[in-house]
Amino acid sequence: MKTIDLRSDTVTKPTPEMRRAMMEAEVGDDVYGEDPTVNRLEEQAADVTGKQAALFVPTGTMGNTIAVKLLTEHGQEVICDSRAHVLDYEMSMVAWFSGCVIRAIPTSDGLLSWEEVKRLIKPVSPYSAPTGLIAIENTHNMWGGTVYPIETIYEICDGAHERGLKVHMDGARIFNAAEATGMPVREICAPADTVMFCLSKGLGAPAGSILAGPKHLMDKGRLYRKRLGGGMRQVGVLAAACLVALEDSPKKLAADHANARFLAEGLARIPGIEPRAVSTNIVVFDVSGTGVPPAALSVQLKRRGVLMNAINDRQVRAVTHYDVTREDCAQALGAVAEAVTEAVTR
Ligand SMILES: *Cc1c(COP(=O)(O)O)cnc(C)c1O
C-alpha cells in the first residue's frame with residue numbers, strides 16, 4: 001500500500017532531474033566562496049527576490065535566526081503573530097541567539113495589520129524592551145497557508161521604516177503566495193528588509209533555504225552562518241538540486257493548490273468536519289464536531305496509509321505537494337470519512 005503523506009510539503013523527494021543535477025554538480029569549497037554552483041544559486045535567488053544578495057543556508061530556521069540577528073540589537077523586542085514559526089517552532093532562537101524577546105499578537109488568520117502592530121511599538125525607555133523588528137509570515141503555516149494582501153505588507157513595512165524599525169518576511173512558502181496572488185516573488189517581498197524562503201518545502205529540494213537582503217547584511221550574515229555551524233564545504237551537490245527546484249518547481253504549485261481545495265471541499269462534506277478556507281497548499285480542519293480527537297484520527301488514518309498531523313486538540317493539518325496526486329487526495333478523503341464513521345458507530 002502506498003503511503004499518502006500529507007503531514008507536510010517537507011516530505012517531497014528529489015525529482016530525477018534534481019538527482020541528475022546533484023551528480024553532475026560542479027563544486028568547490030563554499031567557506032572560501034569557491035563553490036560555483038552555490039554562487040549561481042545565490043545569484044539566482046537574489047534575482048528572484050529582487051534583493052542585492054542572497055545566502056544559501058541549510059534550513060529555514062537558520063535563515064530566520066540570522067535575519068533576526070542582523071536586524072536587531074540584543075535586548076530588543078520582535079513583534080510577530082502568536083502562532084508564528086519563529087515563536088513556536090524554532091527553539092526560542094530569537095532569545096537564544098539574538099537576545100530578544102517576542103511580543104506576540106493574537107490573530108484569526110496569522111496576518112498582522114499595521115493598526116495592531118503600531119499600538120505595540122515601544123520606544124527606548126527605562127522600563128520596556130524597545131521594539132526592533134517586525135516579523136511577518138507569508139504564507140502563514142499554522143493558520144492554513146494564508147496569504148498577506150500586498151497592501152498590508154506595504155502598510156506594515158512603510159510604517160515600520162518610518163519609525164526606524166526593520167521588517168523580516170518569513171517567506172518559507174513565498175512561492176505559494178506568488179502562485180495564489182499571481183504576483184512575482186520579488187514584488188511580494190520588495191518592501192521587507194530581508195526575506196527567507198525554503199527550497200525544501202513545496203519546491204521539493206532535499207534541503208536548503210535562502211536568506212536574501214542588502215549586500216552588507218548578507219556579508220555579515222555569512223559570518224553568523226559560520227558561527228551557527230552552517231559553513232558547508234562542497235555543498236554545490238545540494239545547491240544543484242535547489243537550482244532545479246527554483247527553476248522547475250514554482251509552476252507545479254498550482255496543482256498543489258487545486259488539490260488542497262479539492263481536499264477541503266471533500267472534508268466539508270464529512271459530518272462534523274469544518275475546514276478553514278484554503279488559499280494555498282495547506283488545509284487546516286476542525287474535527288471537534290466528529291467527537292474524534294485529532295490525535296486519535298491521525299492514528300486511525302495512519303492505519304489506512306494516510307498521514308496527517310494533529311496540530312492541537314481541535315485541528316488536523318493536511319499539506320499538498322507534488323508527491324501526492326488528485327487520486328491520492330480522493331483516497332485520503334475516503335480514509336477520513338471511514339475513520340470518522342467507524343469511530344462514531346463503534
Ligand atoms: C518550515 C518553515 C520554516 C523553516 O523550517 P526548517 O525546517 O528549519 O527549514 C520557517 N518558517 C515557516 C513558516 C515554515 O513553515
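1. Begin in helix α10, which holds both K215 and D219, four residues apart, or about one turn of the helix. Helices here are DSSP runs of H or I with at least four residues, strands are runs of E with at least two, and both are numbered from the N terminus. K215 and D219 form a salt bridge, with their closest N and O atoms 2.8 Å apart. The term salt bridge stands for a side-chain nitrogen of Lys or Arg within 4 Å of a carboxyl oxygen of Asp or Glu. K215 is partly exposed, at 45% relative accessibility, and D219 is partly exposed too, at 37%. For these words, buried means under 20% relative accessible area, exposed means over 50%, and partly exposed is in between (1.4 Å probe, protein chains only).

2. A word on what you are looking at: this is a predicted model, in which local features need pLDDT of at least 70 and side-chain atom pairs count only at pLDDT 80 or more, while totals for chains, interfaces and linings use all residues. Residues are numbered from 1 along each chain as its sequence is written, and side-chain values use heavy atoms, leaving out hydrogens and water.

3. How many salt bridges does the rule give? The count comes to 16. One of them pairs the side chains of D29 and R233, at 3.2 Å from N to O. This pair links distant parts of the chain, 204 residues apart: D29 sits in the loop between α1 (16-24) and α2 (36-49), and R233 in the loop between α10 and α11 (236-248). D29 is buried, with a relative accessible area of 14%, whereas R233 is partly exposed at 38%.

4. Next, please look at R304 and E342, whose side chains meet in a salt bridge of 2.9 Å, N to O. R304 lies in the loop between α13 (294-303) and β11 (306-307) and E342 in helix α14 (residues 326-345), so the pair ties together parts that are 38 residues apart in sequence. R304 is buried, with a relative accessible area of 16%, and E342 is partly exposed at 31%. There is also a network: D30, E42, R222 and R225 are joined by salt bridges that share partners.

5. Back in helix α10 (residues 215-227) you will find M218. Is M218 buried or exposed? M218 is buried, with a relative accessible area of 1%. Its C-alpha atom is 9.3 Å from that of I66, although M218 and I66 are 152 residues apart along the chain. K13 belongs to the loop between β1 (4-5) and α1, and K13 is exposed, with a relative accessible area of 54%.

6. Some backbone angles deserve a look. Most residues other than glycine have a negative phi, and most peptide bonds are trans. M91, which is not a glycine, has a positive phi of about 50 degrees, and S92 has a positive phi near 55 degrees. M91 lies in the loop between α4 (85-88) and α5 (93-96), and S92 lies in the loop between α4 and α5 as well. M91 is exposed, at 74% relative accessible area, while S92 is partly exposed, at 42%.

7. Which peptide bond is cis? The bond from N138 to T139 is cis, with omega near 0 degrees. T139 is placed in the loop between β5 (131-137) and α7, and H140 is found in the loop between β5 and α7 too. H140 is buried, with a relative accessible area of 0%, and its side chain reaches the backbone nitrogen of W143 at 3.3 Å.

8. Last, turn to D158 in helix α7 (residues 150-162). D158 counts as partly exposed, at 39% relative accessibility. On the surface, E151, E155, D158 and E162 gather in a patch of negative charge. Such a patch is made of residues with over 30% relative accessible area and no salt bridge, like charges being joined within 9 Å and nonpolar side chains (Val, Leu, Ile, Met, Phe, Trp, Tyr) within 5 Å.

Terms used:
Areas by Shrake-Rupley, 256 points an atom, 1.4 Å probe, with all protein chains shown as cover. Lys, Arg positive; Asp, Glu negative; His and termini not counted. Charge placed at Lys NZ, Arg CZ, Asp CG, Glu CD. Polar contact = N/O pair within 3.5 Å; in protein donor to acceptor, adjacent residues only side chain to side chain.
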